[in-house]
Amino acid sequence: GDGQAGQVHGIMLHRGVTNTLVARNNVHDQPNGAGIAIFDTSGDDVSDNTIDRALYGIRISVGSAANTFTNNRVTNRTKYGLYTYKGSDLPAYTTPSGHPTNNVFTSSSFTASGGNPIKLGETDGTTFDHDTFGGSTLKVDASAGTRINGGVSNGERVAVTGKSAGPTDVTVA
């Protein structure tokens with residue numbers, strides 16, 4: 001479908017939504033929110049969507065786990081193409097730590113204008129497999145087990161920071 005412009009989030013999966021398919025949508029014009037936002041969800045399949053002109057292309061928080069993102073295209077974001085973080089709410093249905101965990105991205109692109117292609121914060125076990133990142137620095141903070149298989153181009157950087165309470169490790173293959 002064609003998402004309604006001007007809403008805070010184009011598509012939102014909220015608390016306990018599991019095993020849901022979000023596919024073949026054109027989501028645009030979310031200047032104050034995400035094209036697709038999920039929190040406290042698991043087992044969802046987000047595939048073949050185009051997200052254009054959003055503050056965050058895809059936003060994942062509050063323990064969302066084991067979701068797959070395939071063949072999505074994020075363009076013209078103003079802050080992050082992909083933004084993950086723990087959040088301040090306690091998860092009721094997913095990872096008790098609140099860290100988004102074991103989410104997998106395959107053949108998606110995070111390109112065009114705006115800030116950083118991705119920012120992972122307090123996120124564990126994220127895998128990128130043949131995704132492309134257009135832009136500047138991929139930011140990974142206090143996130144364990146991040147793996148990037150392909151997609152990092154000449155001139156792009158991966159910035160990794162950690163905390164004593166939340167160490168960070170990234171493998172770029």
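**From one residue to the whole chain**

Author: Leaving out residues up to four places away in sequence, Val-104 touches Asn-67, Thr-68, Phe-69 and Thr-127; contact means heavy atoms within 4.5 Å. This is a predicted model, in which local features need pLDDT of at least 70 and side-chain atom pairs count only at pLDDT 80 or more, while totals for chains, interfaces and linings use all residues. Residues are numbered from 1 along each chain as its sequence is written, and side-chain values use heavy atoms, with hydrogens and water left out.

Reader: How far apart in space are Val-104 and Phe-69, C-alpha to C-alpha?

Author: Val-104 is found in strand S9 (residues 104-106); helices (H or I, at least four residues) and strands (E, at least two) are DSSP runs, numbered from the N terminus. In sequence, Val-104 and Phe-69 are 35 residues apart. In space, their C-alpha to C-alpha distance is 6.1 Å.

Reader: Is Val-104 buried or partly exposed?

Author: Buried means under 20% relative accessible area, exposed over 50%, and partly exposed in between (1.4 Å probe, protein chains only). Val-104 has 29% relative accessibility, so it counts as partly exposed.

Reader: In what order do the seven strands of the open sheet stand?

Author: Two strands pair if DSSP finds at least two bridges between them. The pairing in this sheet is parallel, and the order is S2-S4-S6-S9-S12-S15-S17.

Reader: Which are the edge strands?

Author: An edge strand of this sheet pairs on one side only. The edge strands are S2 (21-23) and S17 (170-172).

Reader: Which residue in S17 is the bridge partner of Thr-146?

Author: Strand S15 (residues 146-149) pairs with S17 in the parallel sense, over three bridges. The partner of Thr-146 in S17 is Val-170.

Reader: Why is strand S5 largely enclosed by the rest of the structure?

Author: Strand S5 covers residues 50-61, which makes 12 residues. It is largely enclosed because the number of its residues that are buried is 10.

Reader: How many bridges join strand S3 to S5?

Author: Strand S3 (residues 26-39) and S5 run parallel. The number of bridges joining S3 to S5 is nine.

Reader: Which residue in S8 stands opposite Ser-61?

Author: S5 also runs parallel to strand S8 (residues 80-85), joined by five bridges. Three bridges join S5 to strand S7 (residues 73-75), again parallel, and there Asp-52 stands opposite Thr-75. In S8, the residue opposite Ser-61 is Tyr-85.

Reader: Is the pair of Tyr-56 and Tyr-83 stacked or edge-to-face?

Author: Rings of Phe, Tyr and Trp (its six-membered ring) pair if their centres lie within 6.5 Å; planes under 30 degrees apart count as stacked, over 60 as edge-to-face and the rest as tilted. The whole structure has nine aromatic pairs. Tyr-56 and Tyr-83 have ring centres 4.9 Å apart and planes at 25°, so the pair is stacked.

Reader: What share of the residues in the chain is buried?

Author: The secondary structure of the chain comes to zero helices and 17 strands. Of the 173 residues in the chain, the buried share is 47%.
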